Amino acid sequence: MSARSELRFPENFVWGAATAAYQIEGAVREDGRGPSIWDTFSRTPGKVFQGHTGDVACDHYHRYADDVAMMAELGLQTYRFSIAWPRIQPDGSGPINPRGLDFYDRLVDTLLGRGIDPFVTLYHWDLPQALQDRGGWACRQTAEHFADYAVAVHARLGDRVRTWTTLNEPWCSAYLGYGNGVHAPGERDAGAAFAAVHHLLLGHGLASRALRAAGVATLGLTLNPADVQPADAASAADVAAVRLVDGLHNRIFLDPLTGAGYPADVLEHVARHVDPAFIRDGDEKVIAAPIDLLGVNYYSPTYVAGRAGGAGGSAYPGTDGVVEFLPPVGPLTEMGWMIEPAGLTRLLERIGADYPGLPLMITENGGAFPDKAGAGDPDGTGWVADTDRVAYLDGHLRAVHEAIARGVDVRGYLVWSLLDNFEWAEGYRKRFGIVHVDYLTQRRTPKESARWYQEVIARNGL
Ligand code: FCB
């Protein structure tokens, strides 16, 4: 790394880390929390690696104060965490459970006490099971309930939390949750997936409107926009495949969010799978509620080719028979995801160009690598020499810097993730943390990447 050039980020660039409630909290039956779709899904045989669940996870619910102390030691300026809706409304709607709010109240105060800015995500995939029993995101009412929930959380934390984001990666919630069933609630129905896209966006819009009325200054959401590239830029078929996949992944969210409504080509595609009557008059106006920040989560690029008889992608309804998703080419992370930092520069530039005026923040970026506690650790302190993660983060930070140098408005960077945690369908076998977690003892050990990141933050650069 030392041979590479030094880079400085803009003054006021924000550094931090991100986590999500179900992935770290544990304590799933405590203080009145109701079940979420991930409790149900992880207990369904065959859904999550070796039947792992979030029952205990990193036990952050009880260890949050030590975790925050560690964040402060690392120099984090911002901490992005999510609120578990089933702690706040165990039945998904109706009565508020004050004990659920108490936890986040304590967390926020502890963060502020250490000089760390709390960055709230209201929904990171743990829908109350009671709402799923009534149709979940395929059903319009869930969007309305979401806005009520948002208001309840804000009423308690709004005096101290400045940054409010509604959804994390609605693409995953809709297409993986309702389309190919890889995530909770595990449904496999293209029509339900498209209805879920709309109701998630509507929920975002309704919640944003309510939060704005309640006085929130910095409001936004996080997407996982894809850097979709053609196998061959000179092939018209490949370029058409890019357009289709980009429509289903990016434009279906970004266009309505920024006031342009759903793109005509995407609507036409959706209508081949389901009657889009769930999009009602006025909805697009609600979805276009102004936002102050777009969170961008980026891990890996997507390469596609237009090919008759192509296998398509299970997460992209209607791409079978026309699109081939190219197998990833190394180097890969342990998830099998291609490592291509240039994809992040391209993605940021594209969003900056096509959706101008939207401040961006990297709300997740990081890598799973086969860390072994003790690697490079002769003293048995648990030290993890995760040089591959350091290289991944260094490369992606350079990519962010490049986008900024080219004029894109990127305000900050939050690493995924602070801790090793429950990686959804992969359970605990994939480790993304800059801090190692020993799940038997709950001992935390900062990896080499944590020490490296601490220095990056201290010098505001590489
Ligand atoms: C993102 C999720 C996050 C984590 C990373 C690896 O899609 O938002 O919770 O699982 O991927």
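User: How far does a polar side-chain atom of E169 lie from an oxygen atom of the ligand?

Analyst: The separation is 2.5 Å. This is a predicted model, where local features need pLDDT of at least 70, side-chain atom pairs count only at pLDDT 80 or more, and totals for chains, interfaces and linings use all residues. Residues are numbered from 1 along each chain as its sequence is written, and side-chain values use heavy atoms, with hydrogens and water left out. A polar contact is a pair of N or O atoms within 3.5 Å; within protein, one must be able to donate a hydrogen and the other to accept it, and residues adjacent in sequence count only if both atoms are side-chain atoms.

User: How far is an oxygen atom of the ligand from an N or O atom in the side chain of W424?

Analyst: For W424 the distance is 2.9 Å. For the side chain of E423 it is 2.7 Å. The protein covers 95% of the 300 Å² of accessible area that the ligand has on its own (Shrake-Rupley method, 1.4 Å probe).

User: Which residues surround the ligand?

Analyst: A residue is near a molecule if one of its heavy atoms lies within 4 Å of it. Here the shell includes Q23, H124, N168, Y299 and F432. By class it has 5 nonpolar, 3 polar and 3 charged residues. Ala, Val, Leu, Ile, Met, Phe, Trp, Tyr, Cys and Pro count as nonpolar, Asp, Glu, Lys and Arg as charged, and the others, Gly among them, as polar.

User: What volume does the largest pocket have?

Analyst: Rolling a probe the size of a water molecule over the atoms shows where empty space is left. On a 1 Å grid over the protein atoms alone, a pocket is an open set of points where a 1.4 Å probe fits, with protein on both sides within 12 Å along at least five of seven lines; lining residues have an atom within 4 Å of a point. The largest pocket has about 1200 Å³. Of its 43 lining residues, the closest to the centre are W171, L176, N224, S300 and W337. The ligand takes up this space.

User: Which element gives the most to that lining?

Analyst: α8, with 3 residues. Helices are DSSP runs (H or I, at least four residues).

User: Where is P185?

Analyst: P185 is in the loop between α8 and α9 (190–213). A cis peptide bond joins A184 and P185, with omega about 5°. Another cis bond joins W416 and S417, with omega about 10°. W416 also belongs to the ligand's surroundings.

Conventions: A molecule sits in a cavity or pocket if more than half of its atoms lie within 2 Å of its grid points. Grid points are joined across faces, edges and corners, and a volume is the space filled by probe spheres set on the points. Helices (H or I, at least four residues) and strands (E, at least two) are DSSP runs, numbered from the N terminus.
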